[in-house]
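The following exercises are to be worked through with the sequence and the coordinates at hand. Each task is followed by a solution in steps.

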Amino acid sequence: GRGVTDPGPTAPCDILRRAGVPVQFVGLGGREIPGGHGIAVCADITAEEMNLDEMEMIVLPGGMGGVHSILDCPAALDAVRHAWAGGRWVAAICAAPTILAKLGITDGKKATCYPGLESQMGSAQMQSGAAAVQDGKLLTGAGPGTAIDFGLLLVRALRGEETAKKVYDGLVYRLARPE
């Protein structure tokens, strides 16, 4: 079925594209994906159209609807397994790191996820309070509010520190907290 994602994937996609990284949104069950909070995403391709041999990285979006849709999609799970087995980057944000835990990918690795879901992370070495965590080719983010940090981590992994710094500077990233 079609997954409902939180708005988390749009910020990392924007950041990756600013770094010159080609990104394709993949739709499960079609190309029109209803998003959380009324923000829809138009996918570039369907899961069945993915070219697994050309991908550098696979990024799983958050949202419990999206997590359930990914878990119910054999093509998506096969893509994650293929990426990890092939030594590619595997990334997930918000609730989606729990998918990687179910696949055994986070076992013994440093990771983060949406607060309160740590019990679903198996034997991962949870980094509580971290916005985004890298352990080798595994990249995880805590939630929608950390999507920029997560996106910059993805850029750093794929294109290096210098490119990540240029993108960061162009974002004029400032953290504002409500009073």
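A disulfide is a pair of cysteine sulfur atoms within 2.5 Å. The model examined here is predicted.

**Exercise 1. Cysteines**

Determine how many disulfides the whole structure holds, and explain the result for Cys113.

Solution. Begin with the sulfur of Cys113: the closest cysteine sulfur belongs to Cys94, at 8.8 Å. Next, apply the cut-off of 2.5 Å; the separation of 8.8 Å is too far for a bond. For Cys94, the closest cysteine sulfur is in turn that of Cys113. The search of the whole structure accordingly returns 0 disulfides.

**Exercise 2. Helix packing**

Describe how helix H1 and helix H6 pack.

Solution. Two packed helices are described by the angle between their axes and the distance between the axes. H1 covers residues 10–18 and H6 residues 161–171. Their axes are 9 Å apart and form an angle of about 120°. The crossing of H1 past H6 is right-handed. Then list the residues in contact: H1 contributes Asp14, Ile15 and Arg18, which meet Val167, Gly170 and Leu171 of H6. Sorted by class, this contact of H1 with H6 comprises 3 nonpolar, 1 polar and 2 charged residues.

**Exercise 3. Aromatic rings**

Identify the aromatic pair in the structure and classify its geometry.

Solution. A pair of aromatic rings is described by the distance of the centres and the angle of the planes. The structure holds 1 aromatic pair, formed by Tyr168 and Tyr173. The ring centres of Tyr168 and Tyr173 lie 6.1 Å apart, and the angle between the planes is 85°. Planes over 60 degrees apart count as edge-to-face, so the pair of Tyr168 and Tyr173 is edge-to-face. Finally, compare accessibility with the 20% limit for buried residues: Tyr173 counts as buried at 19%, whereas Tyr168, at 34%, is partly exposed.

**Exercise 4. A glycine in a loop**

Where does Gly108 lie, and which residues does Gly108 touch beyond four places away in sequence?

Solution. Locate Gly108 first: the residue sits in the loop between helix H4 (97–102) and strand E7 (110–111). With a relative accessible area of 42%, Gly108 is partly exposed. Leaving out residues up to four places away in sequence, Gly108 touches Ser123, Ala124 and Gln125.

Methods
Residues are numbered from 1 along each chain as its sequence is written. This is a predicted model: local features need pLDDT of at least 70, side-chain atom pairs count only at pLDDT 80 or more; totals for chains, interfaces and linings use all residues. Side-chain values use heavy atoms; hydrogens and water are left out. Axes are lines fitted to C-alpha atoms, for helices over the stretch in contact, and angles run from 0 to 180 degrees between N-to-C directions. Helices (H or I, at least four residues) and strands (E, at least two) are DSSP runs, numbered from the N terminus. A crossing is left-handed if the near helix is turned anticlockwise from the far one by less than a right angle, and right-handed if clockwise. Contact means heavy atoms within 4.5 Å. Ala, Val, Leu, Ile, Met, Phe, Trp, Tyr, Cys and Pro count as nonpolar, Asp, Glu, Lys and Arg as charged, and the others, Gly among them, as polar. Rings of Phe, Tyr and Trp (its six-membered ring) pair if their centres lie within 6.5 Å; planes under 30 degrees apart count as stacked, over 60 as edge-to-face and the rest as tilted. Buried means under 20% relative accessible area, exposed over 50%, partly exposed in between (1.4 Å probe, protein chains only).
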